[in-house]
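Look over the sequence and the model below before reading on.

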Amino acid sequence: MGGANSLQDQYGRTVDYLRLSVTDLCNYRCQYCMGPQGVEKRPHGAMLSVEECVEIGAAAVACGVKKIRLTGGEPLVRRGLLDICRGLRALPGLEELCLTTNGSLLPNLAGPLRKAGVDRLNISLDTLHPDRFAAMTRLGRLEDALSGIQAAEDAGFTNLKLDTVLIGGFNDDEINDFLALTMDHPWEVRFIELMPMGPCAQWEKSCFLPVEHILKNNPALQILSTEGVARRYRLPQAPGTVGLISPVSHDFCGACRRIRVTADGRLKGCLHSREERPLRGLHGEALQSAIRAGIVQKPSRHHLADRPSDTPRTMNQIGG
Ligand code: SAM
Ligand code: SF4
């Protein structure tokens, strides 16, 4: 990524990746992400419309964005999602349209998403134990997520990434089982450090494990590459790969290329900062100019090593 018209922020980082949240609603209530009651219902007009999502995507592409990831909340519960995908996919200059999902609704939607132009999927999967899965998601069933992964493959999605938030005392005894998946499937299994924000900001220290823990216990992992904020590894002879994402233990902000737009239309230069820039009501040059300003003024870094996230929002409200 990083073509001729991509913009740089004031620290010289090229910004060409937008994570666009299409809803803050979700059919799960993951304990680290949101409270048991779910999301307070907001009036219909409080969230970006399908047209606004596409208009913001188009303006971001005009500002040099090459990759858009749709996220949430759970993007698959969003009405009009396929129209958003089709609208974004039609933008000349957009190189990749991706989506992050909990996978539960993929059995019905994987095929239509593929046809609507989604290039790649990340599917979140924190445990391979049905009882743990039900407890952590409060409303989810492991078998639905596994059916979703199968449906994604059947629909022709390749380069699937499975995202596992590493949580001490919850799934750190499953690391080898997740690594074993890469021996049987061409997937990238990615371990992501739990970030102290929202409900989990108050969790015990022992829940926050550095991904280095995985490297220490698996010396067979061979480094392949460092791509942006992810380090990629492979077990010998494995068709799949392993990704380690360390937002807390490693200062990866220097490699960050992202901006975010929340489901209520506010641009964030950093997941963890309080600063937000309203985009709703802006069109044409005014919209592009707000996005450019948000890119240029992207905060230099987060401060998770010293304190919990500065954002008062929960992850489902921003879009992980
Ligand atoms: N609902 C979709 C899903 O779960 O994939 C998309 C939105 S979710 C907020 C995006 C990702 O953020 C998920 O992989 C989730 O596990 C992760 N996430 C949520 N809260 C987190 C936290 N505090 N630290 C690290 N990852 C988190
Ligand atoms: Fe929903 Fe994703 Fe948050 Fe879980 S992590 S509650 S699936 S938005």
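## A buried charged pair

R232 and E188 are both buried. This is a predicted model. In it, the side chains of R232 and E188 form a salt bridge, with N and O 2.8 Å apart.

## Other salt bridges

How many salt bridges does the count come to? The count is 17. One of them joins E52 to R280, and the closest N and O atoms of this pair are 2.9 Å apart. E52 sits in helix α1, which covers residues 50–62, while R280 sits in the loop between β14 (277–278) and α8 (284–296), so the pair ties together parts that are 228 residues apart in sequence.

Is E52 buried or exposed? The relative accessible area of E52 is 19%. Buried means under 20%, so E52 counts as buried. R280, its partner in the salt bridge, has a relative accessibility of 32% and is partly exposed.

A further salt bridge links R86 and D83, where the closest N and O atoms are 2.9 Å apart. Here both residues lie in one helix, α2 (residues 81–89), and they are three residues apart, about one turn of the helix. R86 is partly exposed, at 44% relative accessible area. D83 is also partly exposed, with a value of 40%.

## Cysteines

A disulfide is a covalent bond between the sulfur atoms of two cysteines. How many disulfides does the structure hold? The number is zero.

C256 is buried, with a relative accessibility of 14%. C270 is buried as well, at 12%. Other cysteines, C26, C30 and C33, are among the residues that surround ligand 2.

## Ligand 1

Ligand 1 is surrounded by 17 residues, and the closest of these are Y32, G73, E74, S124 and M195. Sorted by class, the shell has seven nonpolar, eight polar and two charged residues. Two strands, β4 (67–72) and β5 (96–101), each supply at least two residues of this shell.

Which atoms of the protein lie by the nitrogen and oxygen atoms of ligand 1? For G73, a backbone N or O atom lies 3.0 Å from a nitrogen atom of the ligand. For M195, a backbone N or O atom is 2.9 Å from a nitrogen atom of ligand 1. S124 takes part through its side chain: a polar atom there lies 2.5 Å from an oxygen atom of the ligand. Taken alone, ligand 1 exposes 540 Å², and the protein buries 93% of that area.

## Ligand 2

Ligand 2 is surrounded by C26, Y28, R29, C30, C33, M34, G73 and N102. By class, this shell has five nonpolar, two polar and one charged residues.

S104 is placed in the loop between β5 and α3 (106–115). With a relative accessibility of 12%, S104 counts as buried. Its side chain makes a polar contact of 2.9 Å with the side chain of N27. Another polar contact, of 2.8 Å, joins the side chain of S104 to that of N102.

How far apart are G103 and K216 in sequence and in space? They are separated by 113 residues in sequence and by 30 Å in space, C-alpha to C-alpha.

Methods: Residues are numbered from 1 along each chain as its sequence is written. Chains are lettered from A and ligands numbered from 1 in the order in which they are written. This is a predicted model: local features need pLDDT of at least 70, side-chain atom pairs count only at pLDDT 80 or more; totals for chains, interfaces and linings use all residues. Side-chain values use heavy atoms; hydrogens and water are left out. A residue is near a molecule or strand if one of its heavy atoms lies within 4 Å of it. Ala, Val, Leu, Ile, Met, Phe, Trp, Tyr, Cys and Pro count as nonpolar, Asp, Glu, Lys and Arg as charged, and the others, Gly among them, as polar. A salt bridge is a side-chain nitrogen of Lys or Arg within 4 Å of a carboxyl oxygen of Asp or Glu. Helices (H or I, at least four residues) and strands (E, at least two) are DSSP runs, numbered from the N terminus. Buried means under 20% relative accessible area, exposed over 50%, partly exposed in between (1.4 Å probe, protein chains only). A disulfide is a pair of cysteine sulfur atoms within 2.5 Å. A polar contact is a pair of N or O atoms within 3.5 Å; within protein, one must be able to donate a hydrogen and the other to accept it, and residues adjacent in sequence count only if both atoms are side-chain atoms. Accessible areas come from the Shrake-Rupley method with a 1.4 Å probe; for residues, only the protein chains shown count as cover.
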